[in-house]
Amino acid sequence: MSSSETVIWLEDASRKDVPRVGGKNASLGEMLNQLGSKGIAVPSGFATTSQAYWQFLEANDLMARIAEAVEEYVAGHVTLAETGAAVRKMILRGTFPADLAAEIGEFYRQMSAKAGRDEVDVAVRSSATAEDLPDASFAGQQETYLNIKGERELLDACKRCFASLFTDRAISYRQVKGFDHLKVALSIGVQLMVRSDKGGSGVMFSIDTETGFDKVVVINAAWGLGENVVQGAVDPDEFVVFKPLLESGEYRPIVEKKVGAKGIKMIYSEGAEKTRNVPTSKKERAAYVLSEDEVLTLARWAVIIEQHYGCPMDMEWAKDGDTGALFIVQARPETVQARRDQSSFKSYTIKSKGKVLTKGLSIGGSVIAGRLCLIEDVADIDKFVDGSILVTGTTDPDWVPIMKRAAGIITDHGGRTSHAAIVSRELGVPAVVGTGEATHILHSEQEVTLSCAEGDEGFVYEGFAEYEEKTESLSDIPATRTKVMLNIANPGSAFRWWQIPTDGVGLARMEFVINNQIQVHPMALIHFDQVTDEAAREKIKQLTRDYDDKSEYFVDKLARGLARIAATVYPKPVIVRMSDFKTNEYAGLLGGAGFEPAEENPMIGFRGASRYYSEAYRAGFALECQAMARLRNDMGFDNVTMMIPFCRSVGEADKVLEVMAENGLHRGENGLLVYVMCEIPSNVILAKDFASRFDGFSIGSNDLTQLTLGVDRDSDTLSGLFDEQDPAVKWMISNVIREAHAAGAKVGLCGQAPSDHPEFAEFLVECGIDSMSVTPDSFIAVKKQVAAAEAAQAK
């Protein structure tokens, strides 16, 4: 049977058919038509057109009756709930015109025959003609029905789809947006069901949903049918993939993998309700829904779809549990980040704060202080206090009316692509989702600060924190000869700075990843049998439960953490400083106490390079090297430079380079650059010799000042003597720059001095320094100071 005015095969639809079949169905047709040849798999099916909807209304004499009901609501004579219920009842009592019912039945029978079955199970999806357009982007306005089988069930589901055009939330939404209720039609998409009830499903964006960073694909995944991920009823797995390194197929640039709790899954049901939720097994909760190969396949599909549509995309995918095949079941333009002003960015600095009450995923990137309003049931939303921070288990479209009036949102469940997250972004309201415990430990009228400005983790602090908000313009940043780079420690916040026109990352601190994401001393992973502290042993077992080899836990977490930083500025350089904990700091890691000596003065003790070739830590450094090799060679981030800290002598330098080579990292091979921190007077005195062993120097002004002046930088008593602009320190800096340049090596400085003291930035420019590396919030100020210094020098 060929397509008609009222029913068409999805293969016969395309983007230009939005008025006929709505955004969802037009997009499905477009992908079937245009992207199948590029490997994108989309379930086939058919769609009723807007004409079918109008025929249904006319056949049941509903147009005038609906218009009258809506007019009564607009005039304020009846409530929204009364109007919605009345119109839905009219539609559900209607009957399909005989010819339209027969046509839908014939398309269904042909669809079943193509699949080789008498009656296929299908997904029945609503696709409104105003839905998924730039100004109509709220998720879930109309209904979807899954596991529909047989002509009678299909026609009933179609009628319920028509009725869902008049849910309370849909009426309210159109009213706010100014859409004429009787000019919005509904198309129904009927697709072959992907047996994701036996497999998994989820949501995928071709852009970072929080920061607008457009070089990554974000994938959420859960077991079973996809509604739980969309509605935020489950805490999904999350994967982040770096797009520019996908194309060749040579690399595996998955920069983040997080296993979610995935406490429930939606499966088929045989009763009146066609689907139901059941608990997942312990094995399912602990396992990833997708293999890395499947993650990379989906990410490549996301890139193809984005390139075809010419804009960032919001997609839904499903994995068939019977065949293992992957499918795209929806694709629509992403509408929040794509419309955001990219000419400026806001940053927040929390100056003082109370204890952490709970934490989850951060949505929105801002900070808000206020009182909580805890509501667990949508039936109680009339109790919401305007301007409060909403606390609830999860949200669906019925919660939107109070979400619009909330200052912030906190949920127990949900991921970055859940309903609560999507609507929060739409509204510009910060949210912390997936806390797992908010409704149990928080209470109404409690005073808190909700912070979504500290990376990908969001925090709820006790009391009203003191914080500062700053808006920076990116439109008038001057160009400079001297490179100005960023210091970034936290991988979770790295994407927030992608808009800054930096020349790279001059200092990425490995210690932050080890301390916050790994938490375990590397030697405790290598020699777990030697860890005697039972509490530490249990915690290490818990952290490494997904890894057969505990050492692999360290390598994997470190490589992926650093990859987020490397991705942010790729292909610009990222200088990663190898671990530079002091012994007392190492001892504070899980299992670390038994592997570290007690030192009187750890600041000048067993730290930096001296550890890397020592038998006491050599195996730990080997894990660091394995992570760097994976980052560069397997994931493809060849923009990463290694930097050795606290290297006291050239003999020590030779030993470290030898250990690196033993672990497959040869300076100069595959473009590998190796820098050394210049923070000890010997680095300056023998700069020529160090320059023959390293490609560059990074001046650590704090340690260099401390060791040049003999002043403990942590001493309050001597704080007046600690001065990075002391003539002796400036002599050290100018000398190392001169000697390094003579030997062909680069020199940079990482520290706050250039931002705190404009005259110091001018001094560095006069010395001819190659780069300065500063914190993101001081980048613009330093860039302007450097430009001014260069202009003054040119006169």
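I began with burial and noted that 59% of the 795 residues of the protein count as buried (buried being under 20% relative accessible area, exposed over 50% and partly exposed in between, with a 1.4 Å probe and protein chains only). I am working with a predicted model, in which local features need pLDDT of at least 70 and side-chain atom pairs count only at pLDDT 80 or more, while totals for chains, interfaces and linings use all residues. Residues are numbered from 1 along each chain as its sequence is written, and side-chain values use heavy atoms, with hydrogens and water left out.

Overall form. I looked up the secondary structure and found 29 helices and 30 strands, where helices (H or I, at least four residues) and strands (E, at least two) are DSSP runs numbered from the N terminus. The radius of gyration is 30 Å, close to the 28 Å that the globule rule gives for 795 residues, so the protein is as compact as a globular protein of that length; the radius is taken over C-alpha atoms, and the rule is 2.2 Å times the number of residues to the power 0.38. Along the principal axes, I noted a C-alpha trace spanning about 95 × 55 × 55 Å.

Charges. I noted 84 positive and 114 negative side chains, with the centres of the two sets 2 Å apart; Lys and Arg count as positive and Asp and Glu as negative, without His and the chain ends, and each charge is placed at NZ of Lys, CZ of Arg, CG of Asp or CD of Glu.

Salt bridges. Taking a side-chain nitrogen of Lys or Arg within 4 Å of a carboxyl oxygen of Asp or Glu as the criterion, I have a count of 46 salt bridges.

I looked up Glu 106 and Arg 109, whose closest N and O atoms are 2.9 Å apart in a salt bridge; both residues lie in helix 5 (residues 98–114), three residues apart, about one turn of the helix. Glu 106 is partly exposed at 26% relative accessible area, and Arg 109 is partly exposed at 38%.

I then turned to Glu 284 and Lys 265, which meet in a salt bridge at 2.8 Å, N to O. This pair links distant parts of the chain, with Glu 284 in helix 9 (residues 282–286) and Lys 265 in strand 10 (residues 264–268), 19 residues apart. Both Glu 284 and Lys 265 are buried.
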